[in-house]
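This briefing is intended to be read alongside the sequence and the three-dimensional structure. Please keep both in view while working through the points below.

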Amino acid sequence: MSMRLATAILGSESAARVLMTLVHSDQTYCGDIARRFGCTQNMIQLQLNKFEEAGILVSRRVGRTRLYEWNRRNNAVPSIKQLVETLIQRLSAQEREKYFP
């Protein structure tokens, strides 16, 4: 299984990357996701903004860095996390090791 399934279900590669990273790390920042997946920060930032506007994520500033985490007040978040956890489990062992060492 590859990232294609996660992308198909979550709507885009950047959505899959953001949510998978948050399931793995609980909180993250744009540059971490971009480095982990070898993509542009602009693409990731746009997705982070969409998830924050939708109420799935919340953010806070720590120094010059904006940290993102799950919005615990959103009742849909546990179901979203469970879906993403299942998608991570369906990645090949090689992909899991590559993205989440």
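The points that follow cover the nonpolar core, the packing of helices and several individual residues.

The model described here is predicted. Its largest nonpolar core comprises 29 residues, and α2 supplies the largest share of them, with 7 residues. Helix pairs that pack against one another include α1 with α5, at an angle of about 160 degrees, and α1 with α2, at about 105 degrees.

**Nonpolar core**

- Within the largest nonpolar core, which holds 29 residues, the most contacts are made by Val18, Met20, Ile44, Leu48, Leu57 and Trp70.
- Two or more residues of this core come from each of the helices α1 (3-10), α2 (13-25), α3 (30-37), α4 (41-53) and α5 (77-89), and likewise from the strand β3 (65-70).
- The contribution of α2 is 7 residues, the largest share of this core.
- Once neighbours within four places in sequence are set aside, Leu48 is in contact with Val18, Cys30, Ile33, Leu57 and Tyr68.
- Two of these partners, Val18 and Leu57, are themselves listed with Leu48 among the core residues that have the most contacts.

**Packing of α1 with α5**

- The axes of α1 and α5 lie 9 Å apart, and the two helices pack at an angle of about 160 degrees.
- Because an angle over 145 degrees counts as roughly antiparallel, α1 is roughly antiparallel to α5.
- The crossing of these two helices, α1 and α5, is right-handed.
- On the α1 side the contact is formed by Leu5, Ala6, Ile9 and Leu10, and on the α5 side by Leu83, Val84 and Leu87.
- Sorted by class, the contact of α1 with α5 has 7 nonpolar residues, no polar residues and no charged residues.

**Packing of α1 with α2**

- Helices α1 and α2 pack with their axes 8 Å apart and at an angle of about 105 degrees.
- This angle makes α1 roughly perpendicular to α2.
- The residues in contact are Met3, Ala6, Thr7 and Leu10 from α1, together with Glu13, Ala15, Ala16, Arg17, Leu19 and Met20 from α2.
- By class, the contact of α1 with α2 consists of 7 nonpolar, 1 polar and 2 charged residues.

**Packing of α2 with α3**

- An angle of about 105 degrees relates α2 and α3, whose axes are 10 Å apart.
- The two helices, α2 and α3, are therefore roughly perpendicular.
- From α2, the contact involves Arg17, Val18, Thr21, His24 and Ser25; from α3, it involves Asp32, Ile33, Arg36 and Phe37.
- By class, the contact of α2 with α3 has 3 nonpolar, 3 polar and 3 charged residues.

**Residues in helices**

- Phe51 belongs to helix α4, and it counts as buried because its relative accessible area is 11%.
- Not counting residues up to four places away in sequence, Phe51 touches Ala15, Val18, Leu19, Ile56 and Leu57.
- Phe51 and Asn71 are 20 residues apart in sequence, with a C-alpha to C-alpha separation of 9.8 Å.
- Asn42 is also placed in helix α4, and its relative accessible area of 54% makes it exposed.
- Between the C-alpha atoms of Asn42 and Ile56, 14 residues apart along the chain, the separation is 19 Å.
- Arg35 lies in helix α3 and counts as exposed, with 57% relative accessibility.
- The C-alpha atoms of Arg35 and Tyr99 are separated by 9.7 Å, while the two residues are 64 residues apart along the chain.

**Residues in loops**

- Most residues other than glycine have a negative phi.
- Asp26, which is not a glycine, has a positive phi of about 70 degrees.
- Asp26 is located in the loop between α2 and β1 (27-28), and with 42% relative accessibility it counts as partly exposed.
- Asn74 occupies the loop between β3 and α5.
- Leaving aside neighbours within four places in sequence, Asn74 is in contact with Ala54, Gly55 and Ile56.
- The C-alpha atoms of Asn74 and Gly55 are 6.7 Å apart, and the two residues are 19 residues apart along the chain.

Notes
Residues numbered from 1 in each chain as written. Predicted model: local features only at pLDDT ≥ 70, side-chain atom pairs only at ≥ 80, totals over all residues. Heavy atoms only, no water. Core = buried A, V, L, I, M, F, W, Y, C linked by side-chain atoms within 4.5 Å. Buried < 20%, exposed > 50% of the residue type's maximum accessible area, 1.4 Å probe, protein only. Helix = DSSP H or I, 4+ residues; strand = E, 2+ residues; numbered from the N terminus. Contact = heavy atoms within 4.5 Å. Axes fitted to C-alpha atoms, helices over the stretch in contact; angles between N-to-C directions. Parallel < 35°, antiparallel > 145°, perpendicular 65-115°, else oblique. Left-handed = near helix turned anticlockwise from the far one by under 90°. Nonpolar A, V, L, I, M, F, W, Y, C, P; charged D, E, K, R; others polar.
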